[in-house]
Amino acid sequence: MPLELEDPRVIEFDVRTDEMLVNMGPQHPSTHGVLRLVLRTDGEVVSEVEPHIGYLHRCAEKIGENLTPRQWVPYTDRMDYLAGMNMNLGWSLCVEKLLDHQLSEKALHLRVIIAEMGRIASHLVGMGAYGLDLGSFSPFLYAFREREKILDLFEEACGARLTYSYITPGGCTADLPSGWLQRCADFLDQFEPIIQEYHALLTTNAIFIKRTAGIGVMSPEMAIQYGCTGPVLRGSGVDYDLRRDGEARYTEMYDGYAFEVISEQNGHYPKDHDYPAVPKDAVLGDCWHRFYVRMLEVVQSVDLVRQAIDRYSTASGDYGVPIKLTTKLPKGEAYLETEAPRGQMGFYLVSDGNAIPWRVRARSSSFCNLSVTADLCRGCLIADIPAVVGSLDVVMGEIDR
Amino acid sequence: MTGTSFVSRLQQKFGDQITGSNLEAVDPWIEVAPESIAEVCQFLRDDEELAFDLLNCITAVDYFIADPKKAAKAGWEPHIDVVYHMSSVSKKHSLVVKVRLPRWKDGVEGQLPEVPTVSQVWRTADWHEREVFDLSGVCFTGHPDLRRILCPEDWVGYPLRKDYEMPLEYHGIRGR
């Protein structure tokens with residue numbers, strides 16, 4: 001006998017088909033590591049996103065309280081493992097700031113070469129993985145092909161391909177091998193025309209534009225309010241880059257270099273003359289703009305490395321002698337932020353006068369960039385979640401530390 | 001604007017709520033009484049000349065030495081500093097604000113020290129305060145959603161405290 005209900009609507013209330021909790025991650029490929037998102041969905045529309053982090057927490061700050069600053073350098077590598085060089089640089093500068101250690105001109109130019117090459121490698125992964133998030137596999141291979149050549153150059157310089165520990169407080173662990181500059185210059189000459197391929201594959205791709213233009217729009221006020229930095233902030237049209245606006249200790253590296261901050265001003269990007277125009281659907285601050293800022297920063301970095309190679313070959317001084325492991329740190333504290341590929345990476349060092357710091361702290365750029373997801377994804381479609389999170393280009397190692 | 005003018009401006013506005021400053025340090029800092037941190041931060045952000053619109057970082061530093069002989073030589077009483085690093089995108093200057101808290105509220109072990117939240121001033125503070133709560137054990141009163149962020153929700157203790165001891169066992173996983 002069929003079940004009869006007095007009021008057929010009861011069953012509908014009971015089943016509650018209107019809202020559903022969907023768990024994304026922590027092993028979802030499009031979350032760039034072990035990020036878990038809990039979505040509250042109403043059909044295809046997401047009404048609430050809650051990021052859960054901490055799956056990659058490795059107590060880096062606590063470990064830092066038991067090691068000397070030079071010994072902690074390898075731990076900074078493992079934070080943002082896609083831009084190890086830039087992380088080494090941030091920590092080294094922070095330690096040098098507390099020690100008031102001055103580097104020779106040559107060492108500064110060497111750091112510019114290495115940091116900007118690191119930025120290119122990191123943005124290539126960001127770009128390739130973003131294509132992967134949106135279901136386009138081939139750009140990833142094209143990006144990794146070129147990144148591999150940068151890693152080969154890094155391997156020649158320091159022996160490692162991912163966790164370099166090359167830049168260290170006091171300078172670098174070694175000078176560049178002979179012929180390296182020439183090989184680096186050759187790579188740039190070969191790489192620059194290839195950027196057009198990436199634009200053809202992604203930037204101007206009709207499907208890519210449909211997936212990213214007008215999605216996840218972030219106003220400049222919102223970006224600053226959430227502490228978003230780097231390409232995420234500049235993608236919203238804010239003209240702010242620590243390489244120009246940062247502390248003197250960091251900006252002196254870039255003194256005399258010709259470069260412009262990549263952000264849209266009055267509807268134009270610097271250096272956009274021979275690169276694709278902004279599609280008409282794109283709104284300032286959307287996923288497409290964040291992606292485009294990264295692409296233009298690659299061009300910018302190529303230009304900076306070329307300038308740095310010229311300066312390095314004529315500069316005086318040595319490549320910088322690393323400080324001794326047992327160097328006592330002066331009593332006091334120092335905080336310094338650098339412009340890492342993913343945003344402003346800050347290190348904070350408190351010392352009580354021993355060789356081992358009293359407290360170290362890493363201010364992660366991805367951590368702040370990710371905190372905006374809950375606001376950014378409210379009301380968008382489930383399929384747009386990877387597009388929005390991917391455009392923030394987060395690295396979980398850096399968020400969880 | 002330089003450190004001296006920040007201090008004089010804040011002292012003019014908040015008087016004795018500005019409890020100290022060190023302008024000779026590598027990064028000049030200003031110390032604020034815990035109860036007025038939220039108002040001071042609101043002022044720092046909204047004032048047109050100061051305009052600290054970007055909160056870079058919130059950190060807690062635990063000052064505690066277990067060995068009483070060494071502690072006597074340290075030159076400070078045990079306490080926790082909460083450090084706010086902020087900067088201005090438009091004015092391109094930066095500032096460090098500190099708040100000094102007892103290690104435990106009213107000296108009772110297990111009672112977290114309290115400081116008002118600044119998450120209504122900067123949204124960045126939301127996650128940063130959760131992290132400080134999680135790792136250093138500082139309670140931010142008025143925070144909309146104060147729970148652990150990096151450690152599991154059932155974790156016991158505050159790992160970045162100097163007297164923290166690693167648990168022997170967590171859900172059947174050996175700790176040491």
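Guide: What follows is a short tour in questions and answers.

Visitor: What should I know before starting?
Guide: This is a predicted model, in which local features need pLDDT of at least 70 and side-chain atom pairs count only at pLDDT 80 or more, while totals for chains, interfaces and linings use all residues. Residues are numbered from 1 along each chain as its sequence is written, and chains are lettered from A and ligands numbered from 1 in the order in which they are written.

Visitor: How many residues of chain B are in contact with chain A?
Guide: On the chain B side there are 24, in contact with 30 residues of chain A. Two residues are in contact if their C-beta atoms, placed from the backbone, lie within 7 Å.

Visitor: Which elements of chain B supply that side?
Guide: Strand S3 (54–63) and helix H4 (124–136) of chain B each supply at least two residues of it. S3(B) gives the most, with 6 residues. Helices (H or I, at least four residues) and strands (E, at least two) are DSSP runs, numbered from the N terminus.

Visitor: And how do the residues on that side of chain B divide?
Guide: Into 15 nonpolar, 4 polar and 5 charged. Here Ala, Val, Leu, Ile, Met, Phe, Trp, Tyr, Cys and Pro count as nonpolar, Asp, Glu, Lys and Arg as charged, and the others, Gly among them, as polar.

Visitor: New topic. Which residues touch the most other members of the largest nonpolar core?
Guide: A:Cys94, A:Leu349 and B:Val82, in a core of 151 residues. The largest share of this core, 15 residues, comes from helix H5 (residues 105–133) of chain A. A nonpolar core is a set of buried Ala, Val, Leu, Ile, Met, Phe, Trp, Tyr and Cys residues joined through C-beta atoms within 7 Å.

Visitor: "Buried" meaning what?
Guide: A residue is buried if 20 or more other C-beta atoms lie within 10 Å of its own, exposed if 12 or fewer, and partly exposed in between; the C-beta atoms are placed from the backbone.

Visitor: What is A:Leu349 in contact with?
Guide: Leaving aside neighbours within four places in sequence, A:Leu349 is in contact with A:Cys94, A:Val95, A:Leu98, A:Glu333, A:Ala334, A:Pro357 and A:Val360.

Visitor: Now helix H6 of chain A. How many residues has it?
Guide: H6(A), residues 138–158, has 21 residues and reaches 30 Å from its first C-alpha to its last, close to the 30 Å expected at 1.5 Å a residue. The expected span is 1.5 Å times one less than the number of residues.

Visitor: Which residues of H6(A) are buried?
Guide: A:Pro139, A:Ala143, A:Glu146, A:Leu153, A:Phe154, A:Ala157 and A:Cys158. They cover an arc of only 120° around the axis, so they sit on the same side of H6(A). That arc is taken from the directions from the helix axis to the C-beta atoms. On the other side, A:Ser138, A:Leu141 and A:Arg145 are exposed.

Visitor: What covers the buried residues of H6(A)?
Guide: The cover includes H5, helix H7 (180–191) and helix H8 (195–203) of chain A.

Visitor: Where is A:Tyr142?
Guide: In helix H6 of chain A. A:Tyr142 has 18 other C-beta atoms within 10 Å, so it is partly exposed. Leaving aside neighbours within four places in sequence, A:Tyr142 is in contact with A:Glu197, A:Tyr198 and A:Leu201.

Visitor: And A:Tyr198, buried or exposed?
Guide: A:Tyr198 is buried, with 20 other C-beta atoms within 10 Å, and lies in helix H8 of chain A. A:Tyr198 and A:Tyr142 are 56 residues apart in sequence and 7.9 Å apart in space, C-alpha to C-alpha.

Visitor: How do strands S2 and S3 of chain A pair?
Guide: S2(A), residues 36–42, and S3(A), residues 45–52, pair in the antiparallel sense over 7 bridges. Strands pair if DSSP finds at least two bridges between them. The two form a hairpin with 2 residues between them, and A:Gly43 in the turn has a positive phi of about 65°. A:Arg40 stands opposite A:Glu48 in S3(A).

Visitor: Which residue has a positive phi although it is not a glycine?
Guide: One of them is A:Ser165, at about 50°. A:Ser165 lies in the loop between H6 and S4 of chain A, and counts as buried with 22 C-beta neighbours inside 10 Å.
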